[in-house]
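The stops below are given in the order in which to select them.

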Amino acid sequence: MSTEKTLGQITVNMHSSIRIGGDTVIYIDPIGIGAAPHDADLVLITHPHFDHFSPKDIKKVMKDDTVIACPKTAAGLCKLLTGREPVTVRPGQNLSLCDVPVETVAAYNKVKPMHAKFFNWVGYVLTVDGTRVYISGDTDNTPEAAAVQCDIALVPIGGTYTVNPVQAAALVNQIAPKAVIPVHYGLMLGGQDAPGKFRAQLQPGIQADIRPTVYSKVMLRVMPLLIAAVLLLIVAVLQMR
Ligand SMILES: [Zn+2]
């Protein structure tokens with residue numbers, strides 16, 4: 001099947017909350033789900049950070065026979081909060097989930113600790129109607145990511161927690177897919193300019209499919225945590241004096 005057809009079946013709800021429609025409905029890292037469509041055949045979770053793993057939203061897309069796959073570090077909470085036992089995954093696997101060929105690819109930061117390699121978090125390469133779709137998860141430009149072969153790539157470009165627009169373009173130029181949908185950017189995460197900066201660095205011949213729905217303010221949710229951390233630090237410093 002054509003890349004164009006599969007691109008038409010992919011929607012990004014916000015951030016990196018992705019849905020692939022068609023005969024098998026697949027959600028990757030569903031967050032911010034408005035209604036409760038209960039239409040997921042397969043739910044894939046890349047890692048257990050709040051902007052990727054939301055049991056509340058998984059429950060909105062789940063139906064009786066939905067298969068959920070996630071790394072081991074999310075499995076306990078997933079079972080507890082959704083009532084569904086997930087398939088646990090680790091990098092480097094070849095699986096068939098709901099008859100969809102699924103490959104797992106390591107997703108990690110090379111230096112920063114937020115997504116350390118030892119967590120064994122993943123991205124996914126799915127074969128949908130013969131089209132290979134790579135959803136990288138939160139990653140840097142790693143050898144594992146650069147070695148992926150796919151027709152469509154969905155990669156983060158927001159920086160801070162992942163590759164920034166320039167680094168993401170370098171990664172995508174190495175992968176050389178037919179099309180790329182940049183995700184994981186928004187307020188406090190690359191801003192409105194991120195997709196333009198990303199597209200400017202892409203090799204000609206790679207189609208940048210920029211979706212206005214990706215831009216979100218989800219990172220505002222980390223502000224209370226940051227403020228609390230700073231306050232705790234100030235208290236600790238004052239006590240040392
Ligand atoms: Zn993350």
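Which residues does Val43 touch, not counting residues up to four places away in sequence? Select Val43 and then Tyr27, Pro30, Ile58, Val61, Thr66 and Ile68, which are its contacts under that rule. Two residues are in contact if their C-beta atoms, placed from the backbone, lie within 7 Å. Val43 and Val155 touch the most other members of the largest nonpolar core, which has 60 residues. A nonpolar core is a set of buried Ala, Val, Leu, Ile, Met, Phe, Trp, Tyr and Cys residues joined through C-beta atoms within 7 Å. Buried means that 20 or more other C-beta atoms lie within 10 Å of a residue's own, exposed means 12 or fewer, and partly exposed is in between, with C-beta atoms placed from the backbone.

Two notes before going on. This is a predicted model, in which local features need pLDDT of at least 70, side-chain atom pairs count only at pLDDT 80 or more, and totals for chains, interfaces and linings use all residues. Residues are numbered from 1 along each chain as its sequence is written.

**Whole chain**

Zoom out and show the C-alpha trace, which spans about 65 × 45 × 35 Å along its principal axes. A compact globule of 241 residues would have a radius of gyration near 18 Å, and the protein agrees, with 18 Å. That radius is taken over C-alpha atoms, and the globule rule is 2.2 Å times the number of residues to the power 0.38. Of the 241 residues, 42% count as buried. Among contacts with a separation of 6 or more, 56% are between residues 24 or more positions apart.

Now colour by secondary structure: the protein has 7 helices and 13 strands. Helices (H or I, at least four residues) and strands (E, at least two) are DSSP runs, numbered from the N terminus.

**Sheet S1 to S6**

Select the 6 strands that form an open sheet of mixed pairing, in the order S1-S2-S3-S4-S5-S6. Strands pair if DSSP finds at least two bridges between them. S1 (10–14) and S6 (87–89) are the edge strands; each has a single partner strand, so one side of each is left without a neighbour in the sheet. From one strand to the next the twist averages 20°.

Next, take S5 (residues 67–71), which pairs with S6 in the parallel sense over 3 bridges. Pro71 has Val89 in S6 as its bridge partner.

**Sheet S7 to S13**

Move to the open sheet of 7 strands, in the order S7-S8-S9-S10-S11-S12-S13, where the pairing is also mixed. Its edges are S7 (94–97) and S13 (207–208), each with a single partner strand, so one side of each lacks a neighbour in the sheet.

Start with S7 and S8 (residues 100–106), which run antiparallel and are joined by 4 bridges. Asn94 stands opposite Glu103 in S8. The hairpin of S7 and S8 has 2 residues between the strands, and Cys98 there takes a positive phi near 55°.

Then select S10 (residues 131–135), which pairs with S11 in the parallel sense over 3 bridges. In S11, Ala153 is the bridge partner of Tyr134. Helix H5 packs on this sheet, touching S11 and S12, and its direction makes about 160° with that of S11.

**Helix H5**

Which residues of H5 (residues 165–175) are buried? They are Pro165, Ala168, Ala169, Leu171 and Val172. Look down the axis of H5: these buried residues fall within an arc of 160°, so they line one face of the helix. The arc is that of the directions from the helix axis to the C-beta atoms. Their cover includes helix H4 (143–146), strand S11 (152–156), strand S12 (179–183) and helix H6 (194–201). Just after H5, Ala176 takes a positive phi of about 55°.

**Two loops**

Select Met114, in the loop between S8 and strand S9 (122–128). Met114 is partly exposed, with 13 other C-beta atoms within 10 Å. Its contacts are Asn109 and Tyr161, not counting residues up to four places away in sequence. The C-alpha atoms of Met114 and Tyr161 are separated by 7.0 Å, although the two are 47 residues apart along the chain.

Finish at Pro212, in the loop between S13 and helix H7 (223–240). Pro212 is exposed, with 7 other C-beta atoms within 10 Å.

Technical notes. Axes fitted to C-alpha atoms, helices over the stretch in contact; angles between N-to-C directions.
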